[in-house]
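Please look through the model shown here before reading on, keeping its confidence values at hand.

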Amino acid sequence: MSSSTIRSSPGAHVLVFPYPAQGHMIPLLDLTHQLAVRGLTITILTTPKNLPLLNPLLSKNPSNIQTLILPFPNNPNPTIPRGVENVKDLPPNSFGAVMRAMGELYNPILHWFKSHPSPPVAIISDFFLGWTHHLACHLSIPRIVFSPSGALAVAVIDSLWRHLPRLDDDPNDPNVLIPFTNISNSPVYPWWQLSPIYRSYKQGDPDSEFIKDGMLANVASWGIIVNSFSELESVYLDHLRKRDNDLGYNGRVWAVGPLLPPDDDNVGPTERGGSGSVATNDLLRWLDTCPDNSVAYVCFGSQAVLTNKQMEGLAAGLECTGARFLWCVKEATKGHVETGYGKVPAGFEDRTAGRGMVIRGWAPQLLILRHRAVGSFLTHCGWNSVLEGLSTGVVMLAWPMQADQFSNATLLVDQMKVAVKVCEGARTVPDAAELGRAVAESVSENRSERVRAMELCKASHDAVKEGGSSFKDLDSLVSVLSGL
């Protein structure tokens, strides 16, 4: 959404509260920028070590975005080492611990509100910060949920926490039906594919009950903002809007995605989420030497670290495919290395030199996907990656690993027909020959998935243009907030 086409509106003061994980913070910061250029006054809450992620946003909006910096709670959980304030620096199973830790900020935020001369009229907070609904009720202001996931994923998690299906409901059937009141074909997933936060729920356990309460508080909140667009998820957005399915939101559902820097912004994509270990110019120069749609981009997000066996299977697949590739590898911690994770096989880079490149650490993913040379994307199906893939029209190879990634893969592979599933599961080792064949075929021009991907690419761009569905929903959200 280009700021040059955005109309200013009377400002209202809103508190924006991201959950400290890369995949959650980045889209909410993109939304915050859109709210700011539409004239709202915003205070964004963060902890000290997450402040650098806000710098690009603050530099673009110096006049109407302020920060509220609160200390990360001291030793809230023994699984969170002192000094760590972002999930990216923790194992993938740490989301629940950080959710519980952030709840300790209730009283500091309440004190800030009561001492502020002109406090916010609403709170927009991440889906994993459901307790802020109770805070908003205490303050007699609306709390609006921000979902960094799509509408299908929201519907699944809402249904799970409201109905609480358990594996032992039918021990002979490991599959779980996700009841959707207003949709005829409710999805079914194996128990192991459900959210690990949900699967770890233990009735009566204080941490589990805190998380459950937060998830149910989301359902009871005043409204929800979804990083999606109508042309992609109209059925599930309509489901969330229904007033007769016991969901809250009161019909206040705004689909405002994809929340991404505009195509003509070459700086924004390099600043989102961190700094890279490879110079962006060197990366782009290498891509410039490659033919159109000839490179397969491989990345599994900011959390996943593959086992060494998975690394070997993936590397063997990329090696035997013969296709060009760009593989972004999350940096393994000392603990990962000691327990057999994250090692690029010895000699792999030498054997594939010239037609492949390995990036260790963060990479400017959106800038890579937008390059004409990139034709496919092997992805874990995290929602940000899904939207970035759709907005660039690449064929996606789906390897969902946990949480909402399985429902995202359902949407991409079975419903939208823009992706091919090549593997699934956080511990599954891919068959090198099959994976190599899928990668080679993914950069072929003669693919039905490429045609469909280009159709959805156009739809995603139309949605955020002036007059598009997401543009209208964003204007509507600002209008509602301005009227509070």
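Predicted model: local features only at pLDDT ≥ 70, side-chain atom pairs only at ≥ 80, totals over all residues.

Residues are numbered from 1 along each chain as its sequence is written, and side-chain values use heavy atoms, with hydrogens and water left out.

The protein has an average pLDDT of 87, with 89% of the residues scoring at least 70, where pLDDT is the predictor's confidence in each residue, from 0 to 100. Among the elements of the protein, which are DSSP runs numbered from the N terminus (helices are H or I, at least four residues; strands are E, at least two), the highest mean pLDDT, 98, belongs to strand β4 (residues 122-126), and the lowest, 55, to helix α13 (residues 334-338). Over residues 2-10 the pLDDT is below 50, and this stretch has 19 contacts in the model beyond near neighbours in sequence, a contact meaning heavy atoms within 4.5 Å.

An open sheet is formed by six strands in the order β12-β11-β10-β13-β14-β15, with parallel pairing; two strands pair if DSSP finds at least two bridges between them. Its edge strands, each pairing on one side only, are β12 (356-360) and β15 (419-421), and the twist from one strand to the next averages 20°. Strand β11 (residues 324-329) runs parallel to β12 and is joined to β12 by five bridges, and R360 in β12 is the bridge partner of V329. Helix α16 (residues 383-392) lies across β13 (374-379) and β14, running at about 155° to β14, where axes are lines fitted to C-alpha atoms, for helices over the stretch in contact, and angles run from 0 to 180 degrees between N-to-C directions.

Within strand β14 (residues 395-398) lies M396, which counts as buried because its relative accessibility is 0%; buried means under 20% relative accessible area, exposed over 50%, and partly exposed in between (1.4 Å probe, protein chains only). Not counting residues up to four places away in sequence, M396 touches several residues, including F377, S385, L390 and V420.

Helix α1 (residues 22-37) holds H24, which is buried because its relative accessible area is 12%. The side chains of H24 and D126 are joined by a polar contact of 3.0 Å, that is, a pair of N or O atoms within 3.5 Å, of which, within protein, one must be able to donate a hydrogen and the other to accept it, and residues adjacent in sequence count only if both atoms are side-chain atoms.
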